[in-house]
Amino acid sequence: THSFGEYVYNNDATESADGTKTRTCSVCGHKETIVAEGTKLEKTLIDSSSKFIDVPSKAWYKKYVDYSVTYGIFTGTSSNTFSPNTDMTRAQFVQVFANISGVDTSHKNVNSGFSDVPKGKWYTAAVTWAAKNGIVNGVGGGRFDPNAKVTREQMCVMIVNYIENYQKRTLSVTTTASTFADDAKIATWAKTAVYKCAKAGLVNGVGNNMFAPKASATRA
C-alpha cells in the first residue's frame with residue numbers, strides 16, 4: 001500500500017493549459033502526477049481596484065496586489081476586501097509560501113507538531129508543510145504563535161529558509177548592503193538572513209539606514 005505525501009505543484013502551467021502536481025510515496029518512491037486544475041496562467045492581470053474596495057487605483061502597492069491575486073499568491077480577507085494596511089500574521093506569511101509552491105493544503109486534519117496549531121485550522125496544513133521542509137521553526141516551547149504579527153527579521157529568516165532549504169537555491173548578491181544602524185537590535189538567529197535578503201535586494205531599510213527588525217509588516 002502506498003503512503004503518499006502532499007501534492008507538490010510542478011510549475012509548468014501555460015496560458016492555454018493547467019499545470020500538473022505530483023505526490024510521492026514515502027515507502028517506495030512511486031510518483032503520482034495529476035492535472036492541477038485551475039492553475040492555467042491568466043492572460044490579463046486582475047484589476048484589484050475593481051475587485052477590492054480598499055485597494056485605491058493609484059496606491060503604490062496596487063500592481064503587486066494585481067499580480068499576487070491573479071496568480072493565487074494572496075487572497076482577499078473577504079470577497080471584496082484585501083486589507084492592505086493590516087499587519088500580516090505568521091500564519092498568513094507561511095500560507096504565502098505554500099501558495100507560491102502550489103502545495104495542496106486542503107487536508108487540514110493533520111498534526112502540525114505545534115501545541116498552538118491544532119488540527120482543522122485554515123493554516124494548519126501550510127504550517128505543517130513549512131515545518132517539515134525547514135522553512136519555519138517555532139517560537140520555543142513547542143509553539144508556533146500563528147496569530148502573532150510576523151516581524152521583519154522573522155520574514156527574512158523564512159524567506160532564506162524557503163529558498164535554501166526548500167528550493168535548494170542560493171540567493172544572488174545583487175547590491176551592496178552596509179551594516180544597518182540598528183544592527184545590534186537584530187536577533188543573532190536572524191542576522192545572517194537579514195543581510196542575505198538585503199544583499200539580494202529583497203528587503204530595504206525603513207529610512208536613515210535603519211532596518212527595524214522587530215517591526216511588523218503589512219499585507220501590502
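A residue counts as buried when its relative accessible area is under 20%, as exposed when over 50%, and as partly exposed in between (1.4 Å probe, protein chains only). Keep that in mind for the views below, which show a predicted model with residues numbered from 1 along each chain as its sequence is written. Local features need pLDDT of at least 70, side-chain atom pairs count only at pLDDT 80 or more, totals for chains, interfaces and linings use all residues, and side-chain values use heavy atoms, with hydrogens and water left out.

**View 1. Helix 4 is largely enclosed by the rest of the structure.**
Helices (H or I, at least four residues) and strands (E, at least two) are DSSP runs, numbered from the N terminus. Helix 4 covers residues 124–132, and because 7 of its 9 residues are buried, the rest of the structure largely encloses it. Which residues of helix 4 are buried? They are Thr 124, Ala 125, Ala 126, Val 127, Thr 128, Trp 129 and Ala 130. Their cover includes helix 3 (90–101) and helix 5 (152–166). After helix 4 comes Gly 134, with a positive phi near 70°.

**View 2. Three strands form an open sheet in the order 1-2-3.**
Strands of a sheet pair through backbone hydrogen bonds, either parallel or antiparallel. Here the pairing is antiparallel. Strand 1 (8–9) and strand 3 (31–36) each have a single partner strand and stand at the edges, so one side of each lacks a neighbour in the sheet. Two strands pair if DSSP finds at least two bridges between them. Strand 1 and strand 2 (residues 19–24) are joined by 2 bridges. Look for Val 8, whose bridge partner in strand 2 is Thr 22.

**View 3. The whole chain has 6 helices and 3 strands.**
Along the sequence, the pattern is β-β-β-α-α-α-α-α-α. The C-alpha trace spans about 60 × 45 × 35 Å along its principal axes. Of the 220 residues, 40% are buried. Contact means heavy atoms within 4.5 Å. Among contacts with a separation of 6 or more, 60% link residues 24 or more positions apart.

**View 4. The chain carries 25 positive and 18 negative charges.**
Lys and Arg count as positive, Asp and Glu as negative, while His and the chain ends are not counted. Each charge is placed at NZ of Lys, CZ of Arg, CG of Asp or CD of Glu. How far apart are the mean positions of the positive and negative charges? They lie 4 Å apart.
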